[in-house]
Amino acid sequence: MRIRVNSKEYDIASGPATTLLDVLRYELGLTGTKEGCSTGSCGSCTVLIDHKAVNSCLVIAAEVEGKDIVTIEGLAQDGILHPLQQAFMDAGAVQCGFCTPGIILAAKAFLDSNPHPTESEIRQGISGNLCRCTGYDKIVRAIMSVSRSQRG
Amino acid sequence: MAKYSVVGKRVPRIDALSKVTGSAIYSGDISLPGMLHAKIARSPYAHALIKRIDISKALALDGVKAVITADDIPGYKNRSPLLLVEMPHLAQDKVTYESQPVAVVAAISKDIAEKAVGLIKVEYEELPPVLDVLESMKPDTPPIYPNLYTNFISRPPTDVNARPSNIAYHMSVGRGDLDAGFKEADFVLENTFQTQPVHHGYLEPFAAVAKANVDGSKVTVWTQTQGVFSARGMIAEFLGLPATHVNMVPVEIGGAFGGKSFLPLAPLCALLAIKTRQPVRMEMSREEVLKDARPAPGSVNTIKMGVTRQGKITAVSARFIYDAGGFPEMSHTMFVRGNTFAQYKIPNINIEAYDVLTNKIPVTYYRAPSTPQSHFAIESQMDLAAKELGMDPIQFRLLNTAVEGDTAPSGEILPKVGYKETLEKMADYLKTKRSIKGANRGRGIASGFWHGAAGSWGAYVNVNIDGTVTLVIGVTDVSGSRTSVAQIVAEEFGLPMESVSVVVGDTDTAPWASPSVGSQTIYSLSHAVYRACQDAKEQLKRLAAPRLGVDISVIEFAGGHAVAKGDPQKSIPLAALARSSLGFRGEGPVVGRGSIAGLPPAPSIAVHAVDVEVDKETGKVKILSYVVAQDIGLAINPLSVEGQMQGAVAQGIGWALMEGYVFDQGKVQNTSFLDYRLPTAADIPMIDTILVEVNSTTGIYGLRHVGEPPIVGTLAALANAIHNATGVRFKSLPMTPEAILKGIQQVKK
């Protein structure tokens, strides 16, 4: 089976019923995608599949054949951080960092679909991603700052 | 001009880049060639005798490399498992909680390990579980451990009349004359408050990887732990090895909050690695985390308080009971002594505290252990007393606030503390804020106290040949500690942050460090770091003085140079000094060394104000605004301090409104994040912070403890706000929509 992750094609040996999360972490060594619950309720394993944020623990490899997958390792382009990555650093939105890859990817998909959200829309938009360290305050502010800068 | 150039600045964390790019390495990311996978067989019963364990079928399964039970654990032969704290307790003759580990299998794949777990046959004789602390405390309740005596775990006290008890610990402290104090009061309030067990909810489940050397005499372990040196000691004790035969490698930690001093996997993993001579990995599922990775205890707390019409508290009698679950090891009563009523001046007081065993998941420490529970009671009671007086709740607290020189209930004479200042700052802030108006809305005020801890720490500072400075420490980072100590190094050497790096070494190379608990890390580690900086700076001064032709006393550090004070022309880069010291005629490399122990803590208080609106149809609480003021002494990194305060409050909100274990006959019923709900971004408002800086006299730059104090007052602040919004006093947590509706309906009747 072939899958496309971070613009690279991979032939994978894992069975088609293996979760995408396990393929990423254990076969491709992309450990930036985290496993927090394996029931799709914490968002730590969020990746982008055709630009949509998806819990990779709930998807099996067979479902993503031919689709375009982006993990946290593939978000920076040519060594330049994505504005969300930079904003999370600057705003103090990163503490333990375990939820960070998932929340950044969820936020990216969210801002792609709603570039100028209200605070409450942001909160709803990332409500599938748990963070236990920050109280979300600085995460929401980081996302707001990126949204504002997109306004030009 | 600001007093400091790097200290006090809002600096992004130095670990943030690795975390936003996914390159940070956590325990579960470690993979070694030839690695085995291990799984735990667990008890299906909350309380049962073990008649027989048969591992033969599991051992015979193809791909299984080892199976261990309690009999295989060297540490259990030397000490009672009751005394091996914060380690997995493989059951021997009985299980005392559901999901207690009974055996562990290592196999060539996870699937085979899981299959082998199913082949382990254990013969149990089920016993009735003890579920309620008040029931458990009664003298006629059969003791869960026949050899457990109150305050004398696993050995009988000298008193021949002593009987085994389910009360693992009892603490009593007090002073004055209670009867006289209550007589002096114009009114006396007595209430009982209950809190539920809650989990830390760190997003990273436990994982461990271990690898033994060729002859099995040494083992290297990767696991998330708040203290690599304390973990080393525990694992060595478990394995029956000298401490230095275990090397702990630090990794990033995906949230800890007190819950990751406990090592549910690493000791087992290390033993299996020694047995099999192959690397072994263990991981917990979220279900296993919720069922076996210890939560914070529930509690039943009664407070009787006497108050005069003028608002003076004359007497307090309080009893705090913590539900320890199935093992006695993690006492919470020991924290009650220093952390209850310490922020108030109470002439007559008696405090009793108990850790009581039940057949439920054993507990461990969670952010300010024992104290959010005790303060739910204390600060709810303070609010009720203020109401009875018709007095502003901050005013009532100010009337009774302890100040420097006052004696706390523990007998401690208070050092310089900022309780009064923090209450005043909050009162000033609330004056600028509109008062809360409208139906079903209310504001709640509460305070929270945390005494703090200190520990012992070492630090090395290397001045490198490129003029940068490397700090080597031995404590894993759970709070942004690397960034804060890097700021101290940058400050002391007059360097930009980019010129400072921090290495957290493994236990084979790093200087000793206490675990990151008790909000002690930055507060006390900073002393060791500061001293290491001074040591290195003295060496640099001795190098610079002859090279600059000035006296050693005039040398300062700025912009990466040693500079003669008042004569900036006379300067030499640190790089040149470091390089020249290495030559054949040089003085040798510049290595600073610092260490500290025995630092007295610098108690801290946080004051909370929360505005809520309660939907009387659904019972749902909407938090309209939240502000927390905390005396942090001095913020090395305000960005980081605010993050600690906001995160603590969010955890407190979860504790107060939504979280909680559901048990059926001692068995945990909510075993995923679907039914053990943590607050999401949609449940939490922006959390405003007020940083009060009453410098301590003991911390470097005036630091105090930061991470734990801000959770403590949250629970009562919400209960007080909900009371003001609904007219109903909730004395039991969590205040879920169902509980609130029920409360409102009961009042209507």
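Me: In which sense, left-handed or right-handed, does H14(B) pass H15(B)?

Reply: Helices (H or I, at least four residues) and strands (E, at least two) are DSSP runs numbered from the N terminus. A crossing is left-handed if the near helix is turned anticlockwise from the far one by less than a right angle, and right-handed if clockwise. The crossing in which H14(B) passes H15(B) is right-handed.

Me: Which pLDDT is required before side-chain atom pairs count?

Reply: Residues are numbered from 1 along each chain as its sequence is written, while chains are lettered from A and ligands numbered from 1 in the order in which they are written. The model is predicted, so that local features need pLDDT of at least 70 and totals for chains, interfaces and linings use all residues, whereas side-chain atom pairs count only at pLDDT 80 or more.

Me: How are H14(B) and H15(B) oriented, roughly parallel or roughly antiparallel?

Reply: Axes are lines fitted to C-alpha atoms, for helices over the stretch in contact, with angles running from 0 to 180 degrees between N-to-C directions; angles under 35 degrees count as roughly parallel, over 145 as roughly antiparallel, 65 to 115 as roughly perpendicular and the rest as oblique. The axes of H14 (residues 481-493) and H15 (residues 521-548) of chain B come within 10 Å and cross at roughly 30°. The two helices therefore count as roughly parallel.

Me: How do the residues of the contact of H14(B) with H15(B) divide into nonpolar, polar and charged?

Reply: Two residues are in contact if their C-beta atoms, placed from the backbone, lie within 7 Å, and the residues of H14(B) that meet H15(B) include Val485(B), Ile488(B) and Val489(B), with Leu525(B), Val529(B) and Tyr530(B) among those in H15(B). Ala, Val, Leu, Ile, Met, Phe, Trp, Tyr, Cys and Pro count as nonpolar, Asp, Glu, Lys and Arg as charged, and the others, Gly among them, as polar. The residues of this contact divide into 9 nonpolar, 4 polar and 2 charged.

Me: Which helix gives the most to the side of chain A that touches chain B?

Reply: The contact takes 42 residues from chain A and 44 residues from chain B. On the side of chain A, H2 (83-91), H3 (100-113), H4 (119-125) and H5 (137-150) each supply at least two residues. With 4 residues, the helix that gives the most is H2(A).

Me: How many of the 11 residues of H8(B) are buried?

Reply: A residue is buried if 20 or more other C-beta atoms lie within 10 Å of its own, exposed if 12 or fewer, and partly exposed in between, the C-beta atoms being placed from the backbone. Cys269(B) and Ala270(B) are among the buried residues of H8(B), and Ala270(B) is in contact with residues including Val219(B) and Ile235(B). H8 (residues 266-276) of chain B is largely enclosed by the rest of the structure, because the number of its 11 residues that are buried is 9.

Me: Is Asp631(B) buried or exposed?

Reply: Asp631(B) lies in strand E25 (residues 621-631) of chain B, where it touches Glu421(B) and Arg704(B), among others. With 29 other C-beta atoms within 10 Å, Asp631(B) is buried.

Definitions and conventions
Lists of a residue's contacts leave out its neighbours within four places in sequence.
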